[in-house]
Amino acid sequence: MAVVSIVRYKPEGESLRRAIELCEGFAELKSHARVLIKPNVVIGDEKYRNFVKGVLTSVPVLEELIGLLREFGCQNITIGEGSITNEEMGLSTGTAFTLAGIGEMARRLGVNLIDFHQQGFVKIDLDGHQVEVAEAALEADFLINVPVLKTHVQTKVSLGLKNLKGTLSMTSRRIFHRYGVEKYIALLAGKLKPQLTVLDGLYTVNYGPVHYDYRELNLLVAGRDPLAVDVVGSSILGIPPERVEHLVIYASLQGRRPSLEGIEVRGEKISQVAIRAEWETTWLQNIINSFGIKGIRAQTPGPSLCSGCMVTVNNVLRKFGREYSGATFDNIEICTGREPRPFKDSRLVFLFGNCSLESNPEVEGAIKVKGCPLSFAACYEALKRHAIPL
C-alpha cells in the first residue's frame, strides 16, 4: 500500500522532517547517492516579481530538505531546473533562480545549482518521438521532486508528474503540446521515477501555473509513490484525480487507478485540509478586460499552446494593454494555439503562431504571425500596425 503524509507546516518546527518520516521517504536513500532536487521554478524576471508565492517552490522547504539530507550523510546534492527561456524577453533559469531566492540560498549553503538548458540533454523515445531529457535527471541516484501544490489552466493540476516536464528542452516541450501534453506527461513520468515527491503547499494559486492571487495553506505532502502523492494533492485541491487526464493515463500504464483506494494517508486527513481550487479561466480575455479595452476578444487556448508561446502572448497583450488602456477597437479577434477557430463575425483576425496558422488556413484576410516559438516583437508590431483603435 502506498503511503502519503500530510503535515501542517510551521516555520519554527521541523515539519518536513515529520512528513518524510511518516512516509518513510528516505527508505531507499544512501549517504553516497547523487541527489538531485527538482523544484518548480517555472519562470522569472523582474516583471514576474509578484508571481512567487504559490507559483515557485519555497526556499524554506528546500533549505529544510537540504539540512535533512546532510544530516543523513549526503554530500552530493544538486538543485536542477530548466525554466522557461526566452532571450528576447530576458527569461532564463538563472533569472528564475534569482527571483525565487534559490540562487542566494544555494550559494549560502554551498549546494550545486544547475540549469538543465546549460548542462546537456539525452534523447529518449516516447511513443515514437525523440525527446530531450536533462542528463542530470536521468543519471541521479536519488531524485527528489519538489513541485508546488497548485492548479493549471491546461492540465487542471500542476503537481509531481507535471513538474517533471521541466526536465525537457524547450524544443521537446513543444513536441509534448503538439502530440498531447497530458499523454506525454504520463509517458515521461514512466521514464523518470522520483524516489521521493514533496508537494510544497505553503501557498497555492488558482488559475496556475502562474498567478498573482495566492492563498496560504501551510501544508506539506510527501510520499515515495509519485501517483499516490498526486492523487492526494489533487484531492486536497478539490479536483477529483479521475478527472485529471495525465493521472488517469499514468495510472493505466501502471495497471492502477487514480484513486485514493490503496493509499494510506498519515498525518492530517484530506477532509481537514481540502480546499476548492479553480483552474478554468478565460485568461487571455481577462488580460484584455483588465485594461478596460473593448472590441478585442480572444478565445482561451487549449492544451496545444506551449509555455513559450503562452508567455509571449501574455506579455504582448499586457504591453499592448498598458499602451491602449481604455481604448475601443472594431471587432478584432486574437487566436493562438491549435484549438481556437475565429468567429465568423470578427472583422479582423490575428493568428499568432504556427499552430494557429496550421489550424486556420481558410481564414481570409487574417494577420498571420509565424513562429515556433513566437517572437514578442513580431506579435507586438503586428498588433500596433493593424489594430487601430476607434
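Predicted model: local features only at pLDDT ≥ 70, side-chain atom pairs only at ≥ 80, totals over all residues.

Residues are numbered from 1 along each chain as its sequence is written, and side-chain values use heavy atoms, with hydrogens and water left out. Helices (DSSP H or I, at least four residues) and strands (DSSP E, at least two residues) are DSSP runs numbered from the N terminus.

- Strand β7 (residues 142-146) is mostly covered, with 5 of its 5 residues buried, where buried means under 20% relative accessible area, exposed over 50% and partly exposed in between, computed with a 1.4 Å probe on protein chains only.
- Strand β2 (residues 35-39) runs parallel to β7 and is joined to it by 5 bridges, with L36 standing opposite L143 of β7; two strands are taken to pair if DSSP finds at least two bridges between them.
- β7 also runs parallel to β10, to which 2 bridges join it, and the bridge partner of N145 in β10 is T197.
- β10 is likewise described as mostly covered, 10 of its 10 residues being buried.
- Between β10 and strand β11 (residues 214-223) the direction is antiparallel, with 8 bridges joining them, and Y203 has E216 as its bridge partner in β11.

**The hairpin of β5 and β6**

- Strands β5 (residues 121-126) and β6 (residues 129-134) run antiparallel and are joined by 6 bridges, with L126 opposite H129 of β6.
- The hairpin has 2 residues between its strands, and D127 takes a positive phi near 55° there.

**The open sheet from β13 to β16**

- An open sheet is formed by 4 strands in the order β13-β14-β15-β16, with parallel pairing.
- Its edge strands, each pairing on one side only, are β13 (294-298) and β16 (367-369), and the twist from one strand to the next averages 15°.
- Strand β15 (residues 348-352) pairs with β16 in the parallel sense over 3 bridges, and the bridge partner of L351 in β16 is K368.
- Helix α16 (residues 376-386) packs on this sheet, touching β14, β15 and β16, and its direction makes about 170° with that of β15.
- Helix α13 (residues 283-290) lies across β13 and β14 (328-336), running at about 160° to β13; axes are lines fitted to C-alpha atoms, for helices over the stretch in contact, and angles run from 0 to 180 degrees between N-to-C directions.

**Helix packing around α2**

- Helix α1 (residues 15-23) packs with α2 at an angle of about 60°, their axes being 9 Å apart, and α1 therefore counts as oblique to α2.
- The categories are set so that angles under 35 degrees are roughly parallel, over 145 roughly antiparallel, 65 to 115 roughly perpendicular and the rest oblique.
- α1 passes α2 in a right-handed crossing, a crossing being right-handed if the near helix is turned clockwise from the far one by less than a right angle and left-handed if anticlockwise.
- S15, L16, R17 and I20 of α1 make this contact with V61, E64, L65, L68 and E71 of α2, where contact means heavy atoms within 4.5 Å.
- By class, the contact of α1 with α2 has 5 nonpolar, 1 polar and 3 charged residues; Ala, Val, Leu, Ile, Met, Phe, Trp, Tyr, Cys and Pro count as nonpolar, Asp, Glu, Lys and Arg as charged, and the others, Gly among them, as polar.
- Helices α2 (residues 59-72) and α4 (residues 102-109) pack at an angle of about 25° with their axes 10 Å apart, and they are therefore roughly parallel to each other.
- α2 passes α4 in a right-handed crossing, and the contact is made by V59, L62, E63, I66 and R70 of α2 and I102, M105, R108 and L109 of α4.
- In the contact of α2 with α4 there are 6 nonpolar, no polar and 3 charged residues.

**Loop residue L192**

- L192 is found in the loop between α9 (181-191) and β10 (196-205), and because its relative accessibility is 2%, L192 counts as buried.
- Neighbours within four places in sequence aside, L192 is in contact with V133, A137, L138, L164 and T167.
- The C-alpha atoms of L192 and Y324 are separated by 46 Å, the two residues being 132 residues apart along the chain.
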